[in-house]
Amino acid sequence: MFSIFKNIFQSKPKAVLKDFSDIAVDMHSHLIPGIDDGSQSNEQSLEMIKRLDELGFKRLITTPHIMSGGYDNNTLIIQEGRDKINSYLSNNSLNIEIDCSSEYYLDGHFEDLIKKNDLMPFGNNYILFELSYMFRPSNMENVIFELSLEGYRPILAHPERYNFLADKSLKEYRKIKEQGALLQLNLFSLVGGYGPRAKAIAEDLIKEGLVDFVGSDLHKPAQLGYFEKLLESQALMNLIEQSNLKNKELLA
Ligand SMILES: [Fe+2]
């Protein structure tokens, strides 16, 4: 009995975030309907974008996949999709416009796009890229180098989700940053959205000050519930207090 009272009186009041306005910009999501594994309809996009607005995000940069043989998107398809969803939003009295870029899968096609200078950067020449979940691509260092050489600033999407990078020492992540890439954590990793291992690595990356950006990587309305839980995440609060989080830079 005594220990119960002791716990009640000793537990600190839980810190809670009011909303996501301190992050302000969501720079990773799949909100253009029908072109990748994200939103599948105008209605789904509307529901997700409306909620992101209510949650305090001020700017949404959506990033459909470009993956050769998987999601054969290109700049034109993505920009046309963006224009169509923006008209749908305005026809439904939603006073928000979304911007677009892409989440480029690191494959030969991506290397061709870099050579042809056919990329859609956002903010200060940022390019978001992702890797296979199965194996470490042998050309990753080279691609980061090529992008940097062309004046782009590469950002690795959800580093905490690649098992072949994840170990307690975080040395692979430090190496990638030394090579010139920035790291973008998925918000839902912090509330277990991708399992306990990704959550633990996400927390370690924050503790070590290695996170440059956060993104929702929102694909479907069923994931919206994670945002409520996130408002109570101590790790997210710690990250927001760090000066290295660059999301707000994208407001300009
Ligand atoms: Fe994504």
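This section describes the fold, sheets, helices, core and backbone of the chain.

The model is predicted; local features are reported at pLDDT of at least 70 and side-chain atom pairs only at pLDDT 80 or more, while totals for chains, interfaces and linings use all residues. Residues are numbered from 1 along each chain as its sequence is written.

The chain contains 9 helices and 9 strands. Both are DSSP runs, numbered from the N terminus: helices are H or I runs of at least four residues, and strands are E runs of at least two. The C-alpha atoms fill a box of roughly 70 × 45 × 30 Å along the principal axes. Of the 252 residues, 39% count as buried. A residue is buried if 20 or more other C-beta atoms lie within 10 Å of its own, exposed if 12 or fewer, and partly exposed in between, with C-beta atoms placed from the backbone. Among contacts between residues at least 6 apart in sequence, 78% join residues at least 24 apart. Two residues are in contact if their C-beta atoms, placed from the backbone, lie within 7 Å.

An open sheet of 6 strands runs in the order S3-S5-S6-S7-S8-S9, with parallel pairing. Its edges are strand S3 (65-66) and strand S9 (213-215); each has a single partner strand, so one side of each lacks a neighbour in the sheet. Strands count as paired if DSSP finds at least two bridges between them. Strand S6 (residues 126-130) pairs with S7 in the parallel sense over 4 bridges. Within this pairing, Tyr126 has Arg153 of S7 as its bridge partner. Strand S7 (residues 153-157) is largely enclosed by the rest of the structure, because 4 of its 5 residues are buried. Strand S8 (residues 182-186) runs parallel to S9 and is joined to S9 by 3 bridges. Asn186 stands opposite Gly215 in S9.

The other open sheet has 3 strands in the order S1-S2-S4, again with parallel pairing. Strand S1 (25-26) and S4 are the edge strands, each pairing on one side only. Strand S2 (residues 59-62) and S4 are parallel, with 2 bridges. Thr62 has Cys100 of S4 as its bridge partner.

Helix H3 (residues 75-91) has 17 residues. The expected span is 1.5 Å times one less than the number of residues. Ile78, Gly81, Ile85 and Leu89 are the buried residues of H3. Seen down the helix axis, they fall within an arc of 75°, so they line one face of H3. The arc is that of the directions from the helix axis to the C-beta atoms. These buried residues pack against helix H2 (42-54) and strand S4 (99-100). The face turned away from the buried side carries the exposed residues Leu76, Glu80, Ser87, Ser90 and Asn91. Ser93 follows H3 and has a positive phi, near 60°.

The largest nonpolar core has 60 residues, of which Ile49, Ile127, Ile155 and Leu205 touch the most other members. Helix H7 (residues 196-207) supplies the largest share of this core, 5 residues. A nonpolar core is a set of buried Ala, Val, Leu, Ile, Met, Phe, Trp, Tyr and Cys residues joined through C-beta atoms within 7 Å. Not counting residues up to four places away in sequence, Ile127 touches Tyr104, Leu119, Pro121, Leu147, Tyr152, Pro154 and Ile155.

H7 has 12 residues and reaches 16 Å from its first C-alpha to its last, close to the expected 16 Å. Its buried residues are Ala198, Ile201, Ala202, Glu203, Leu205 and Ile206. They pack against helix H6 (171-179), S8 and helix H9 (234-241). Gly209 follows H7, with a positive phi near 70°.

Most residues other than glycine have a negative phi. Ala24 has a positive phi of about 70°. Ala24 lies in the loop between helix H1 (2-10) and S1, and is partly exposed, with 15 other C-beta atoms within 10 Å. Leu170 has a positive phi near 60°. Leu170 is found in the loop between S7 and H6, and counts as partly exposed with 18 C-beta neighbours inside 10 Å.
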